[in-house]
Amino acid sequence: MENWELEQNWEQVPGPAAGSEPGPEQPDPGSGAKARREASDGRDLYLNIRVLVAMMTVFVLMFTFVARIIVVSGPSMENTLINGDLMLVWSLGYIPRQGDIVVLTQESYQEDSIVKRVIAVEGQQVDIDYKSGTVYVDGKALKEDYTKEVMLMPSYGEGINHVVVPEGCIFVMGDNRNHSADSRYPAIGIVDVRCVIGHGIAVMFPFHHWKGL
């Protein structure tokens, strides 16, 4: 009798009604891992973008306020610098000194930057003697072994050839004196030091022309 009652009770347990909604499904364990991977990939991408932006910012600031590469254009600094040379220019904290090669802007002449050599700084007197092809600073003839050839009278005449350099200014000339528009040329004239971008310190390319300046 007991076995029969148990069988009867088991048969009376109701099953799910037809048409009833199924119970809640069990979560897929793979979906959680996929979501975590996607979140991790997103964080990595965000961090990589932040690093890239930071590096670009440092790069721009460095090549604006610290140092930059300038392409030499024209023959005015031959044979020290040749057309097409890539020159490393230092800007941070630079104060022009006599004899330095500098990169500067002078909008009265052209918008592009120009490369010249500092002949004299504020307070120094410049005298140019075209008959002997000599430049004097404070009454002393400069020993200019860097010039390409003997200086002749330029096509525009003597230009600015006897001057005391004003405060905050420099007098510049090209090493290729006979093919250089510089402080002798009225459109350039005496240069305000605030127009100086920096000091040329080395030729970086082409490699066969590499040298310090």
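Which residue forms a salt bridge with arginine 177, and how far apart are the closest N and O atoms? Glutamate 144 does, with the closest N and O atoms 2.6 Å apart.

## Basis of the model

This is a predicted model: local features need pLDDT of at least 70, side-chain atom pairs count only at pLDDT 80 or more, and totals for chains, interfaces and linings use all residues. Residues are numbered from 1 along each chain as its sequence is written, and side-chain values use heavy atoms, with hydrogens and water left out.

## Salt bridges

Side chains of opposite charge can pair when their charged atoms come close. Here a salt bridge is a side-chain nitrogen of Lys or Arg within 4 Å of a carboxyl oxygen of Asp or Glu. The whole structure holds six salt bridges.

Take arginine 177 and glutamate 144, a salt bridge with a 2.6 Å N to O separation. Arginine 177 sits in the loop between β9 (169–173) and β10 (191–192), and glutamate 144 in the loop between β7 (140–141) and β8 (162–164), so the pair ties together parts that are 33 residues apart in sequence. Strands (E, at least two residues) are DSSP runs, numbered from the N terminus. Both partners are buried. Buried means under 20% relative accessible area, exposed over 50%, and partly exposed in between (1.4 Å probe, protein chains only).

Arginine 97 pairs with aspartate 100; their closest N and O atoms are 3.5 Å apart. Arginine 97 is exposed at 51%, whereas aspartate 100 is buried at 9%. Arginine 194 bridges to aspartate 192 at 2.8 Å between the closest N and O atoms. Arginine 194 is exposed at 73%. Aspartate 192 is partly exposed at 22%.

## Nonpolar patch

Ile69, Met204, Phe205, Phe207 and Trp210 make a nonpolar surface patch of about 550 Å². Patches are made of residues with over 30% relative accessible area and no salt bridge; like charges are joined within 9 Å, and nonpolar side chains (Val, Leu, Ile, Met, Phe, Trp, Tyr) within 5 Å. Accessible areas come from the Shrake-Rupley method with a 1.4 Å probe; for residues, only the protein chains shown count as cover.

Methionine 204 lies in strand β11 (residues 196–205). Methionine 204 is partly exposed, at 32% relative accessibility.

## Backbone features

Phenylalanine 205, a patch member, is joined to proline 206 by a cis peptide bond with omega about 0°. Proline 206 is in the loop between β11 and β12 (211–212). Another cis peptide bond links glutamate 78 and asparagine 79, with omega about 5°. Asparagine 79 falls in the loop between β1 (67–71) and β2 (86–90).

Aspartate 138 is not a glycine, yet has a positive phi of about 55°. Aspartate 138 lies in the loop between β6 (134–137) and β7, and is partly exposed at 45%.

How values were computed. Helix = DSSP H or I, 4+ residues; strand = E, 2+ residues; numbered from the N terminus.
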